[in-house]
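Trainee: Could you walk me through this one? I'd like to start with how the elements are named before we get to any residues.
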Amino acid sequence: MRLSAIIRLAMTIFVVSSLFLGARAAHATAPLGSYDGLPILEVTVTGGGGDVRGLIDLDRGYVFHTRDLTQVVKRLYAIGRFSDIQVLVTLVDRAVSLRFEVTPQRMLRELHTRGDSDKDVVADLKNAVLPGEPVNEATLAQIKKRCERAWALVGYDAARCEVSSEPDGDDVDVSVSMTRGPATMVTHIEFTGHVRAPERELVQ
């Protein structure tokens, strides 16, 4: 009899209640906790490099407990080297087989800009994420938001920035395509309240 359960955590989730826990078979399901107390048959790892296995303190013959597996996954995320971790838990003849599938966290190699340019905007983007820092979908979204805000600060509220990434091994290059659009123009200024100085002087 083989039953499988998949554990998956997002990169920033470190609480047990955020685990997606489920088991499935052709005609049966079982909660992952029902495997607690069974011996571990094997532990295998795919992805992430050859040293990942040494970071997992579970092994053949150990007694399986969901809390121990949860702690292992949390510890792997805390290292900061992995963007995604999935664990396939399979019940085989009253023993548990664990297969860890890890995705390395890619680091920024270089950030490129193209299209319209402004020295202040480019300088701000270069500080958004530095070479050697991790890059993920949230990072790309933050770069886009920061780019458009930087353009607004220099007078281009309609500027648009498109951010893309190009993986290369464990590293990634990020490209930011910038379209500044029309400059924001002031067409009318109005003063209210008690104004002592002439409006012409205030506008100047």
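Mentor: Helices and strands here are DSSP runs numbered from the N terminus, a helix needing at least four residues and a strand at least two. Keep in mind as we go that this is a predicted model.

Trainee: Okay, how many helices and strands are there in the chain?
Mentor: The chain has four helices and eight strands, and along the sequence they come in the pattern β-β-β-α-β-β-β-α-α-β-β-α.

Trainee: Where is Ser117 found?
Mentor: Ser117 sits in the loop that runs between β6 (107-115) and α2 (119-126).

Trainee: And is Ser117 exposed or partly exposed?
Mentor: Its relative accessibility is 49%, so Ser117 counts as partly exposed, given that exposed means over 50%.

Trainee: What is Ser117 in contact with, leaving aside neighbours within four places in sequence?
Mentor: With those neighbours left out, Ser117 is in contact with Val122, Trp151 and Met178. Ser117 and Trp151 are 34 residues apart in sequence, while their C-alpha atoms are 9.5 Å apart in space.

Trainee: Which atoms come together at the start of α2?
Mentor: There, a side-chain oxygen of Asp118 comes to within 2.9 Å of the backbone nitrogen of Asp120.

Trainee: New topic: which residues have the most contacts inside the largest nonpolar core?
Mentor: That core has 23 residues, and those with the most contacts inside it are Phe64, Val89, Leu98 and Phe100. At least two residues of this core come from each of β3 (40-46), α1 (66-79), β4 (82-92) and β5 (95-104). A second, separate core of 19 residues includes Val122, Leu140, Cys147 and Ala150.

Trainee: Last one: how much of the chain is buried?
Mentor: Of the 204 residues in the chain, 31% are buried, and the chain exposes about 12,400 Å², with carbon and sulfur atoms supplying 51% of that area.

Conventions. Residues numbered from 1 in each chain as written. Predicted model: local features only at pLDDT ≥ 70, side-chain atom pairs only at ≥ 80, totals over all residues. Heavy atoms only, no water. Buried < 20%, exposed > 50% of the residue type's maximum accessible area, 1.4 Å probe, protein only. Contact = heavy atoms within 4.5 Å. Polar contact = N/O pair within 3.5 Å; in protein donor to acceptor, adjacent residues only side chain to side chain. Core = buried A, V, L, I, M, F, W, Y, C linked by side-chain atoms within 4.5 Å. Areas by Shrake-Rupley, 256 points an atom, 1.4 Å probe, with all protein chains shown as cover.
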